[in-house]
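Hello,

Here is the structure I promised to pass on. Please look through it first; my notes follow below.

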Amino acid sequence: MTSTRSQVQVLHRPPFIMRIFYSLEAFYPHISGVTITTERLASFFAEKGNETFIITASPQGDFLIEQSPKGYTIVRLRSFPNVLRKKIRISPFPKIATFKLFKKFKPDIIHLQDPVFISEALSKEALKRKIPVIATQHSSLAFPLSYLGLPKIISQWTEKILAETLAHFYNKHCKLIITPSNFIKNEVLNWGVKIPVEVVSNGIDLKIFKQGRVSSDFVKEYYLEDFLSKPIVLYSGRIDKDKNLEVLIQAIPLVLKEKEVNFLFLGDGDIKEDLKKQVRRMGLKENVRFIGPLLPSDINLSQFYRLSSLFAIPSYIEGQSLVTMEAMASGLPVIAANGGALKELIKDNENGFLVNPFSEKEFAEKILAILGNEKLRKRMSQKSLELIKPHDISNTFKKLEEIYQRFV
(Lines give C-alpha, C1' and ligand atoms only; values in the text may rest on other atoms or scores of the structure.)
Protein backbone atom coordinates (compact mmCIF):
# COMPACT_ATOMS: atom_id res chain seq x y z
CA MET A 1 0.00 0.00 0.00
CA THR A 2 1.13 3.55 -0.65
CA SER A 3 0.51 6.14 2.05
CA THR A 4 -0.11 9.87 1.85
CA ARG A 5 -1.08 12.60 4.25
CA SER A 6 -2.37 14.76 1.43
CA GLN A 7 -6.02 15.08 0.53
CA VAL A 8 -7.43 12.45 -1.81
CA GLN A 9 -8.95 13.85 -4.98
CA VAL A 10 -12.71 13.31 -5.36
CA LEU A 11 -13.26 12.14 -8.92
CA HIS A 12 -16.44 12.62 -10.94
CA ARG A 13 -18.40 9.38 -11.08
CA PRO A 14 -21.41 8.08 -12.97
CA PRO A 15 -24.66 8.29 -10.94
CA PHE A 16 -24.99 4.48 -10.65
CA ILE A 17 -21.68 4.10 -8.84
CA MET A 18 -21.91 4.07 -5.05
CA ARG A 19 -19.56 5.68 -2.59
CA ILE A 20 -19.43 3.39 0.45
CA PHE A 21 -18.02 4.01 3.91
CA TYR A 22 -17.10 0.95 6.01
CA SER A 23 -16.28 1.66 9.64
CA LEU A 24 -14.57 -0.37 12.33
CA GLU A 25 -12.26 0.51 15.20
CA ALA A 26 -9.51 -1.99 14.33
CA PHE A 27 -8.38 -2.92 10.82
CA TYR A 28 -5.22 -4.45 9.31
CA PRO A 29 -2.54 -5.10 10.49
CA HIS A 30 -4.81 -6.47 13.24
CA ILE A 31 -6.31 -9.74 11.99
CA SER A 32 -9.76 -10.93 13.03
CA GLY A 33 -12.90 -12.24 11.38
CA VAL A 34 -14.26 -8.68 11.24
CA THR A 35 -11.16 -7.17 9.62
CA ILE A 36 -10.98 -9.99 7.07
CA THR A 37 -14.66 -9.66 6.17
CA THR A 38 -14.46 -5.87 5.86
CA GLU A 39 -11.39 -6.05 3.63
CA ARG A 40 -13.12 -8.52 1.32
CA LEU A 41 -16.21 -6.34 1.03
CA ALA A 42 -14.20 -3.19 0.31
CA SER A 43 -12.13 -5.04 -2.31
CA PHE A 44 -15.15 -6.53 -4.07
CA PHE A 45 -17.15 -3.32 -4.30
CA ALA A 46 -14.08 -1.34 -5.36
CA GLU A 47 -13.46 -3.88 -8.13
CA LYS A 48 -17.07 -3.36 -9.26
CA GLY A 49 -16.30 0.33 -9.81
CA ASN A 50 -17.60 1.74 -6.55
CA GLU A 51 -15.56 4.12 -4.40
CA THR A 52 -15.01 2.34 -1.12
CA PHE A 53 -13.46 3.69 2.06
CA ILE A 54 -12.53 1.96 5.30
CA ILE A 55 -12.64 4.38 8.23
CA THR A 56 -10.67 3.04 11.18
CA ALA A 57 -8.31 3.90 14.03
CA SER A 58 -4.65 4.45 13.20
CA PRO A 59 -2.37 1.70 14.58
CA GLN A 60 0.43 4.27 14.83
CA GLY A 61 -1.70 6.98 16.45
CA ASP A 62 -1.55 9.70 13.79
CA PHE A 63 -4.05 10.49 11.04
CA LEU A 64 -3.15 8.74 7.81
CA ILE A 65 -4.69 7.99 4.40
CA GLU A 66 -3.63 4.85 2.52
CA GLN A 67 -4.54 3.67 -0.94
CA SER A 68 -4.88 -0.10 -1.23
CA PRO A 69 -3.72 -1.76 -4.46
CA LYS A 70 -7.13 -3.45 -4.42
CA GLY A 71 -8.78 -0.10 -5.12
CA TYR A 72 -10.18 0.99 -1.78
CA THR A 73 -9.02 3.81 0.49
CA ILE A 74 -8.15 3.41 4.17
CA VAL A 75 -8.64 6.49 6.34
CA ARG A 76 -6.91 5.98 9.67
CA LEU A 77 -8.05 8.43 12.34
CA ARG A 78 -6.01 9.70 15.27
CA SER A 79 -6.03 7.03 17.97
CA PHE A 80 -5.16 6.27 21.58
CA PRO A 81 -4.22 3.14 23.56
CA ASN A 82 -7.00 0.70 24.46
CA VAL A 83 -6.94 -0.19 28.16
CA LEU A 84 -8.73 -3.52 27.57
CA ARG A 85 -6.68 -4.77 24.60
CA LYS A 86 -3.15 -3.39 24.46
CA LYS A 87 -2.46 -4.34 20.85
CA ILE A 88 -5.50 -2.47 19.52
CA ARG A 89 -5.87 1.32 19.50
CA ILE A 90 -9.16 3.23 19.53
CA SER A 91 -10.42 6.60 18.27
CA PRO A 92 -12.69 7.94 21.02
CA PHE A 93 -12.85 11.50 19.64
CA PRO A 94 -13.61 11.18 15.91
CA LYS A 95 -16.36 13.82 15.60
CA ILE A 96 -14.41 16.53 13.75
CA ALA A 97 -12.62 14.02 11.50
CA THR A 98 -15.87 12.30 10.49
CA PHE A 99 -17.50 15.66 9.74
CA LYS A 100 -14.64 16.48 7.37
CA LEU A 101 -14.89 13.05 5.72
CA PHE A 102 -18.59 13.54 4.97
CA LYS A 103 -17.97 17.00 3.58
CA LYS A 104 -15.08 15.83 1.41
CA PHE A 105 -16.29 12.47 0.09
CA LYS A 106 -20.10 12.64 0.32
CA PRO A 107 -20.87 8.94 0.89
CA ASP A 108 -24.06 7.32 -0.41
CA ILE A 109 -24.24 4.62 2.26
CA ILE A 110 -22.53 3.76 5.53
CA HIS A 111 -21.93 0.13 6.53
CA LEU A 112 -20.91 -0.18 10.18
CA GLN A 113 -18.79 -3.20 11.10
CA ASP A 114 -18.84 -2.49 14.83
CA PRO A 115 -20.89 -0.13 17.02
CA VAL A 116 -17.98 1.71 18.65
CA PHE A 117 -16.65 5.29 18.53
CA ILE A 118 -16.00 5.80 14.82
CA SER A 119 -19.22 4.08 13.79
CA GLU A 120 -21.21 6.14 16.27
CA ALA A 121 -19.78 9.41 14.98
CA LEU A 122 -20.40 8.43 11.34
CA SER A 123 -23.97 7.41 12.16
CA LYS A 124 -24.77 10.73 13.83
CA GLU A 125 -23.39 12.66 10.87
CA ALA A 126 -25.29 10.43 8.42
CA LEU A 127 -28.54 11.02 10.31
CA LYS A 128 -28.13 14.79 9.91
CA ARG A 129 -27.58 14.38 6.17
CA LYS A 130 -30.22 11.65 5.67
CA ILE A 131 -27.67 9.16 4.38
CA PRO A 132 -28.67 5.51 4.91
CA VAL A 133 -26.78 3.50 7.52
CA ILE A 134 -26.77 -0.28 7.82
CA ALA A 135 -24.79 -2.29 10.36
CA THR A 136 -23.37 -5.75 10.71
CA GLN A 137 -23.42 -7.05 14.27
CA HIS A 138 -20.66 -9.64 14.11
CA SER A 139 -20.43 -10.75 17.71
CA SER A 140 -22.33 -11.63 20.83
CA LEU A 141 -22.08 -9.32 23.83
CA ALA A 142 -20.28 -12.20 25.51
CA PHE A 143 -17.25 -11.25 23.41
CA PRO A 144 -16.48 -7.81 24.93
CA LEU A 145 -17.59 -8.99 28.37
CA SER A 146 -15.04 -11.83 28.24
CA TYR A 147 -12.26 -9.22 28.48
CA LEU A 148 -13.66 -7.49 31.56
CA GLY A 149 -13.50 -10.42 33.99
CA LEU A 150 -16.46 -9.16 35.99
CA PRO A 151 -18.29 -11.13 38.72
CA LYS A 152 -21.36 -12.90 37.31
CA ILE A 153 -24.01 -10.59 38.81
CA ILE A 154 -22.14 -7.46 37.65
CA SER A 155 -21.55 -9.01 34.21
CA GLN A 156 -25.29 -9.68 33.82
CA TRP A 157 -26.11 -6.09 34.76
CA THR A 158 -23.43 -4.77 32.38
CA GLU A 159 -24.78 -6.95 29.55
CA LYS A 160 -28.30 -5.60 30.13
CA ILE A 161 -27.08 -1.99 29.95
CA LEU A 162 -25.02 -2.69 26.82
CA ALA A 163 -27.99 -4.40 25.14
CA GLU A 164 -30.31 -1.47 25.84
CA THR A 165 -27.68 1.03 24.65
CA LEU A 166 -27.04 -0.85 21.40
CA ALA A 167 -30.74 -1.34 20.71
CA HIS A 168 -31.34 2.40 21.13
CA PHE A 169 -28.38 3.22 18.88
CA TYR A 170 -29.43 0.85 16.10
CA ASN A 171 -33.11 1.81 16.25
CA LYS A 172 -32.25 5.50 15.95
CA HIS A 173 -29.52 5.42 13.32
CA CYS A 174 -29.82 2.31 11.14
CA LYS A 175 -32.15 1.09 8.41
CA LEU A 176 -31.10 -2.55 8.72
CA ILE A 177 -28.95 -4.85 10.84
CA ILE A 178 -27.11 -7.75 9.20
CA THR A 179 -25.97 -10.70 11.28
CA PRO A 180 -23.78 -13.59 10.10
CA SER A 181 -25.86 -16.19 11.94
CA ASN A 182 -29.25 -16.85 13.46
CA PHE A 183 -27.55 -17.02 16.86
CA ILE A 184 -26.55 -13.35 16.62
CA LYS A 185 -29.90 -12.39 15.04
CA ASN A 186 -31.82 -13.84 17.98
CA GLU A 187 -29.56 -12.07 20.46
CA VAL A 188 -30.00 -8.73 18.65
CA LEU A 189 -33.78 -9.11 18.63
CA ASN A 190 -33.70 -9.87 22.36
CA TRP A 191 -31.96 -6.54 22.94
CA GLY A 192 -35.12 -4.76 21.80
CA VAL A 193 -34.11 -3.89 18.24
CA LYS A 194 -37.15 -2.88 16.18
CA ILE A 195 -35.61 -2.39 12.74
CA PRO A 196 -35.30 -5.29 10.25
CA VAL A 197 -32.59 -7.90 10.90
CA GLU A 198 -31.30 -10.12 8.07
CA VAL A 199 -28.88 -13.06 8.21
CA VAL A 200 -26.08 -12.93 5.63
CA SER A 201 -23.12 -15.28 5.97
CA ASN A 202 -19.70 -13.62 6.01
CA GLY A 203 -18.75 -16.26 3.45
CA ILE A 204 -15.42 -17.63 2.24
CA ASP A 205 -13.91 -18.29 -1.17
CA LEU A 206 -14.47 -22.01 -1.66
CA LYS A 207 -11.99 -22.07 -4.56
CA ILE A 208 -9.11 -21.27 -2.21
CA PHE A 209 -9.92 -23.78 0.51
CA LYS A 210 -10.22 -27.14 -1.13
CA GLN A 211 -8.66 -30.55 -0.78
CA GLY A 212 -5.33 -31.16 -2.48
CA ARG A 213 -1.72 -32.12 -2.05
CA VAL A 214 0.66 -30.17 0.17
CA SER A 215 3.77 -28.95 -1.62
CA SER A 216 7.19 -30.14 -0.50
CA ASP A 217 8.46 -26.54 -0.56
CA PHE A 218 5.74 -25.56 1.93
CA VAL A 219 6.67 -28.44 4.25
CA LYS A 220 10.34 -27.43 4.16
CA GLU A 221 9.60 -23.72 4.66
CA TYR A 222 7.82 -24.41 7.95
CA TYR A 223 10.07 -27.32 9.04
CA LEU A 224 7.15 -29.75 9.13
CA GLU A 225 8.89 -32.89 7.84
CA ASP A 226 8.84 -34.68 11.22
CA PHE A 227 5.51 -33.17 12.24
CA LEU A 228 3.74 -34.92 9.34
CA SER A 229 4.58 -38.38 10.67
CA LYS A 230 1.49 -38.23 12.95
CA PRO A 231 -2.13 -37.07 12.48
CA ILE A 232 -2.48 -33.31 12.98
CA VAL A 233 -5.25 -31.56 14.92
CA LEU A 234 -5.47 -27.93 13.76
CA TYR A 235 -6.69 -24.76 15.42
CA SER A 236 -6.56 -21.59 13.34
CA GLY A 237 -7.56 -18.08 14.41
CA ARG A 238 -6.91 -15.51 17.09
CA ILE A 239 -5.13 -16.81 20.18
CA ASP A 240 -6.95 -14.62 22.67
CA LYS A 241 -8.79 -14.99 25.94
CA ASP A 242 -12.27 -15.28 24.40
CA LYS A 243 -11.28 -18.37 22.34
CA ASN A 244 -11.24 -20.75 25.35
CA LEU A 245 -8.07 -22.43 24.08
CA GLU A 246 -6.96 -23.53 27.54
CA VAL A 247 -9.53 -26.35 27.33
CA LEU A 248 -8.01 -27.64 24.10
CA ILE A 249 -4.52 -27.47 25.62
CA GLN A 250 -5.72 -29.48 28.63
CA ALA A 251 -7.18 -32.12 26.27
CA ILE A 252 -3.82 -32.79 24.60
CA PRO A 253 -2.25 -35.06 27.27
CA LEU A 254 -5.51 -37.05 27.43
CA VAL A 255 -5.23 -37.69 23.69
CA LEU A 256 -1.53 -38.56 23.88
CA LYS A 257 -2.20 -41.26 26.47
CA GLU A 258 -4.07 -43.17 23.76
CA LYS A 259 -2.55 -42.10 20.44
CA GLU A 260 0.44 -40.24 19.00
CA VAL A 261 -1.02 -37.01 17.61
CA ASN A 262 0.38 -33.56 16.82
CA PHE A 263 -1.42 -30.28 17.49
CA LEU A 264 -0.93 -27.15 15.40
CA PHE A 265 -2.03 -23.67 16.54
CA LEU A 266 -2.04 -21.22 13.65
CA GLY A 267 -2.41 -17.54 14.50
CA ASP A 268 -1.49 -14.83 16.97
CA GLY A 269 -2.96 -13.07 19.97
CA ASP A 270 -2.56 -11.72 23.48
CA ILE A 271 -2.25 -15.10 25.23
CA LYS A 272 -0.06 -16.89 22.68
CA GLU A 273 3.12 -16.62 24.76
CA ASP A 274 1.25 -17.76 27.89
CA LEU A 275 -0.03 -20.85 26.08
CA LYS A 276 3.44 -21.66 24.76
CA LYS A 277 4.81 -21.52 28.32
CA GLN A 278 1.95 -23.75 29.50
CA VAL A 279 2.74 -26.28 26.77
CA ARG A 280 6.39 -26.37 27.87
CA ARG A 281 5.43 -26.82 31.53
CA MET A 282 3.16 -29.73 30.60
CA GLY A 283 5.95 -31.43 28.64
CA LEU A 284 4.02 -31.22 25.35
CA LYS A 285 6.56 -29.31 23.29
CA GLU A 286 7.30 -32.21 20.92
CA ASN A 287 3.63 -32.60 19.99
CA VAL A 288 2.51 -28.97 19.85
CA ARG A 289 3.58 -26.22 17.49
CA PHE A 290 2.57 -22.57 17.23
CA ILE A 291 2.89 -20.91 13.82
CA GLY A 292 1.88 -17.51 12.53
CA PRO A 293 0.31 -15.14 12.24
CA LEU A 294 -0.49 -15.52 8.54
CA LEU A 295 -2.32 -12.92 6.50
CA PRO A 296 -5.61 -14.14 5.01
CA SER A 297 -4.09 -13.57 1.56
CA ASP A 298 -1.11 -15.82 2.30
CA ILE A 299 -1.10 -18.68 -0.23
CA ASN A 300 0.22 -21.01 2.48
CA LEU A 301 -2.89 -20.65 4.64
CA SER A 302 -4.91 -23.25 2.77
CA GLN A 303 -2.02 -25.73 2.91
CA PHE A 304 -2.13 -25.83 6.70
CA TYR A 305 -5.71 -27.05 6.46
CA ARG A 306 -4.77 -29.62 3.82
CA LEU A 307 -2.07 -31.24 5.93
CA SER A 308 -4.42 -31.58 8.93
CA SER A 309 -6.67 -34.50 9.84
CA LEU A 310 -9.31 -32.54 11.72
CA PHE A 311 -10.10 -29.09 13.09
CA ALA A 312 -10.88 -28.20 16.72
CA ILE A 313 -12.43 -24.98 18.01
CA PRO A 314 -13.37 -24.61 21.70
CA SER A 315 -14.77 -21.05 21.54
CA TYR A 316 -18.42 -21.03 22.66
CA ILE A 317 -19.31 -17.42 21.74
CA GLU A 318 -18.53 -17.40 17.99
CA GLY A 319 -20.78 -15.14 15.92
CA GLN A 320 -20.09 -17.37 12.92
CA SER A 321 -16.38 -18.39 12.56
CA LEU A 322 -14.53 -17.91 9.30
CA VAL A 323 -11.86 -20.42 10.33
CA THR A 324 -14.46 -23.13 10.89
CA MET A 325 -15.85 -22.48 7.42
CA GLU A 326 -12.33 -22.64 5.98
CA ALA A 327 -11.81 -26.00 7.68
CA MET A 328 -15.09 -27.32 6.29
CA ALA A 329 -14.20 -26.09 2.80
CA SER A 330 -10.92 -28.00 3.16
CA GLY A 331 -12.85 -31.19 3.89
CA LEU A 332 -12.02 -31.40 7.58
CA PRO A 333 -14.24 -32.88 10.28
CA VAL A 334 -14.70 -30.32 13.06
CA ILE A 335 -14.86 -30.76 16.82
CA ALA A 336 -16.57 -27.62 18.07
CA ALA A 337 -17.87 -26.14 21.28
CA ASN A 338 -21.60 -26.63 21.64
CA GLY A 339 -22.33 -22.93 21.90
CA GLY A 340 -22.75 -19.74 19.92
CA ALA A 341 -23.17 -19.98 16.16
CA LEU A 342 -20.98 -23.07 15.71
CA LYS A 343 -24.12 -25.21 16.02
CA GLU A 344 -25.26 -23.71 12.70
CA LEU A 345 -22.13 -24.95 10.92
CA ILE A 346 -21.43 -28.23 12.70
CA LYS A 347 -24.08 -30.93 12.65
CA ASP A 348 -23.35 -33.32 15.50
CA ASN A 349 -22.17 -36.73 14.29
CA GLU A 350 -22.49 -35.59 10.66
CA ASN A 351 -19.54 -33.31 9.81
CA GLY A 352 -18.05 -33.42 13.30
CA PHE A 353 -18.98 -33.35 16.95
CA LEU A 354 -20.41 -30.69 19.25
CA VAL A 355 -18.96 -30.96 22.75
CA ASN A 356 -19.18 -29.29 26.14
CA PRO A 357 -16.90 -26.24 25.76
CA PHE A 358 -15.56 -26.68 29.30
CA SER A 359 -14.77 -30.40 29.08
CA GLU A 360 -11.24 -31.31 28.00
CA LYS A 361 -12.30 -34.94 28.42
CA GLU A 362 -15.01 -34.62 25.74
CA PHE A 363 -12.64 -32.87 23.35
CA ALA A 364 -10.09 -35.66 23.83
CA GLU A 365 -12.69 -38.41 23.40
CA LYS A 366 -14.01 -36.96 20.14
CA ILE A 367 -10.53 -36.32 18.73
CA LEU A 368 -9.69 -39.97 19.39
CA ALA A 369 -13.04 -41.13 17.96
CA ILE A 370 -12.36 -39.45 14.61
CA LEU A 371 -8.66 -40.28 14.37
CA GLY A 372 -9.32 -43.88 15.34
CA ASN A 373 -11.91 -44.47 12.61
CA GLU A 374 -10.84 -43.54 9.08
CA LYS A 375 -14.24 -44.45 7.64
CA LEU A 376 -15.92 -42.02 10.06
CA ARG A 377 -13.36 -39.30 9.30
CA LYS A 378 -13.94 -39.58 5.55
CA ARG A 379 -17.73 -39.53 5.98
CA MET A 380 -17.51 -36.38 8.08
CA SER A 381 -15.06 -34.85 5.62
CA GLN A 382 -17.52 -35.31 2.77
CA LYS A 383 -20.35 -33.83 4.84
CA SER A 384 -18.28 -30.73 5.62
CA LEU A 385 -17.79 -30.14 1.89
CA GLU A 386 -21.52 -30.48 1.35
CA LEU A 387 -22.62 -28.21 4.21
CA ILE A 388 -20.23 -25.37 3.34
CA LYS A 389 -21.54 -24.80 -0.18
CA PRO A 390 -24.17 -22.14 0.69
CA HIS A 391 -21.43 -20.06 2.35
CA ASP A 392 -19.48 -19.33 -0.84
CA ILE A 393 -18.54 -15.67 -0.72
CA SER A 394 -20.11 -15.01 -4.13
CA ASN A 395 -23.50 -15.49 -2.45
CA THR A 396 -22.53 -12.98 0.24
CA PHE A 397 -21.51 -10.35 -2.32
CA LYS A 398 -24.74 -10.83 -4.26
CA LYS A 399 -26.91 -10.38 -1.18
CA LEU A 400 -25.06 -7.29 -0.01
CA GLU A 401 -25.22 -5.72 -3.45
CA GLU A 402 -28.98 -6.17 -3.37
CA ILE A 403 -29.16 -4.64 0.11
CA TYR A 404 -27.09 -1.59 -0.83
CA GLN A 405 -29.19 -0.95 -3.92
CA ARG A 406 -32.31 -1.21 -1.78
CA PHE A 407 -31.31 1.84 0.24
CA VAL A 408 -29.21 3.99 -2.12
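**Around Thr136**

Leaving aside neighbours within four places in sequence, Thr136 is in contact with His111, Leu112, Gln113, Asp114 and Ile178. Contact means heavy atoms within 4.5 Å. Thr136 lies in strand β9 (residues 133-136). Helices (H or I, at least four residues) and strands (E, at least two) are DSSP runs, numbered from the N terminus. Thr136 is buried, at a relative accessible area of 5%. Buried means under 20% relative accessible area, exposed over 50%, and partly exposed in between (1.4 Å probe, protein chains only). One partner stands out for its side chain: His111 makes a side-chain polar contact with the side chain of Thr136, at 2.7 Å. A polar contact is a pair of N or O atoms within 3.5 Å; within protein, one must be able to donate a hydrogen and the other to accept it, and residues adjacent in sequence count only if both atoms are side-chain atoms.

**Before you read on**

This is a predicted model: local features need pLDDT of at least 70, side-chain atom pairs count only at pLDDT 80 or more, and totals for chains, interfaces and linings use all residues. Residues are numbered from 1 along each chain as its sequence is written, and side-chain values use heavy atoms, with hydrogens and water left out.

**Two helices**

The axes of α3 (residues 117-129) and α5 (residues 152-173) come within 10 Å and cross at roughly 35 degrees. Axes are lines fitted to C-alpha atoms, for helices over the stretch in contact, and angles run from 0 to 180 degrees between N-to-C directions. From α3, the contact uses Ser119, Glu120, Ser123, Lys124 and Leu127; from α5, Phe169, Lys172 and His173.

**Aromatic rings**

The count comes to 18 aromatic pairs. Rings of Phe, Tyr and Trp (its six-membered ring) pair if their centres lie within 6.5 Å; planes under 30 degrees apart count as stacked, over 60 as edge-to-face and the rest as tilted. Phe169 and Tyr170 have ring centres 5.5 Å apart and planes at 50 degrees, so this pair is tilted. Both Phe169 and Tyr170 are buried.

Phe218 and Phe304 have ring centres 4.8 Å apart and planes at 80 degrees, so they are edge-to-face. This pair links distant parts of the chain: Phe218 is in α7 (residues 216-221), Phe304 in α10 (residues 301-306), 86 residues apart. Phe218 is buried at 1% relative accessible area. Phe304 is buried too, at 0%.

Best wishes
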